[in-house]
Amino acid sequence: NAFGELYLCQVNASGVIPQITAVFGSCGGGMALAPALADFVFMEAEKARMFVNAPNTLEDGAGKDTASAQFQSEKAGSVDKVGSEEEILESIRELISILPANNEDDMSYDECGDDLNRVCEGIEGCVQDGAKALAMISDDGFFYEVKEGFAKNMVTGFIRLNGVTAGA
């Protein structure tokens, strides 16, 4: 019942307030569904483990640790960022600074001193690096990448255009 109430709260908040989860240790069983329902998930690189069933019950054939942050980030795609505890906390602070507080908040903008009509010299050389191209067109070179370990052939994240946060 307690897990059901937790999931209900998360589902009711979905699309209304940004939900951010950080895993620093073992997150297993019913509790592992909380990060699955969150908008953004962070995992500590060395000690964090996330699994619904017993870890490694589902082998990927190569004997990988399916509960590890690396597997969850690179293979499952369920984790946005992996790093040390300090890196994760800093990344969460940065994310919070660019997101609105809720779906009715229009305060996700910042003052912009960049010229929107500037020429992005060398952008044609970014064919293989979408993150670099996005940073070049963004205010002050800002780019916040999510799912950076997953699907390396694609880049997703947030940029700022004229002070307003935009998904890219």
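## Close-up views of a predicted model

View 1. The side chains of Arg93 and Glu90 form a salt bridge, 3.7 Å from N to O. A salt bridge here is a side-chain nitrogen of Lys or Arg within 4 Å of a carboxyl oxygen of Asp or Glu. The two residues sit three apart in helix 4 (residues 85-98), so about one helical turn separates them. Helices (H or I, at least four residues) and strands (E, at least two) are DSSP runs, numbered from the N terminus. Glu90 is partly exposed, with a relative accessible area of 47%. Buried means under 20% relative accessible area, exposed over 50%, and partly exposed in between (1.4 Å probe, protein chains only).

The model is predicted: local features need pLDDT of at least 70, side-chain atom pairs count only at pLDDT 80 or more, and totals for chains, interfaces and linings use all residues. Residues are numbered from 1 along each chain as its sequence is written, and side-chain values use heavy atoms, with hydrogens and water left out.

**View 2. Arg49 and Asp65 form a salt bridge.** Their closest N and O atoms are 2.5 Å apart. Arg49 lies in strand 4 (residues 49-51), and Asp65 lies in the loop between strand 4 and helix 3 (69-76), so the pair ties together parts that are 16 residues apart in sequence. Arg49 is partly exposed at 23% relative accessibility. Asp65 is partly exposed as well, at 28%.

**View 3. Asp80 and Lys147 link two loops.** The closest N and O atoms of this salt bridge are 3.6 Å apart. Asp80 is in the loop between helix 3 and strand 5 (81-83), and Lys147 is in the loop between strand 6 and strand 7, so the pair ties together parts that are 67 residues apart in sequence. Asp80 is buried, at 3% relative accessibility. Lys147 is partly exposed, with a relative accessible area of 25%. The model's salt bridges come to four by this rule.

**View 4. Three parallel strands form an open sheet in the order 1-3-5.** Strand 1 (20-23) and strand 5 stand at the edges, each with a single partner strand, so one side of each has no neighbour in the sheet. Neighbouring strands are turned by 15° against each other on average, direction ignored. Two strands pair if DSSP finds at least two bridges between them. Strand 1 and strand 3 (residues 40-44) run parallel and are joined by four bridges. Ile20 has Phe40 in strand 3 as its bridge partner. Helix 4 lies across strand 1, strand 3 and strand 5, at about 165° to strand 3. Contact means heavy atoms within 4.5 Å. Axes are lines fitted to C-alpha atoms, for helices over the stretch in contact, and angles run from 0 to 180 degrees between N-to-C directions.

**View 5. Three antiparallel strands form an open sheet in the order 6-7-8.** Strand 6 (143-146) and strand 8 (164-167) are the edge strands, each pairing on one side only. The twist averages 25° from one strand to the next. Four bridges join strand 6 to strand 7 (residues 156-161) in the antiparallel sense. Val146 stands opposite Thr156 in strand 7.

**View 6. Helix 5 (residues 130-137) lies across strand 6 and strand 7.** The helix runs at about 150° to strand 6. Lys132 belongs to helix 5. Lys132 is partly exposed, with a relative accessible area of 48%. The C-alpha atoms of Lys132 and Asn12 are separated by 36 Å, and the two residues are 120 residues apart along the chain.
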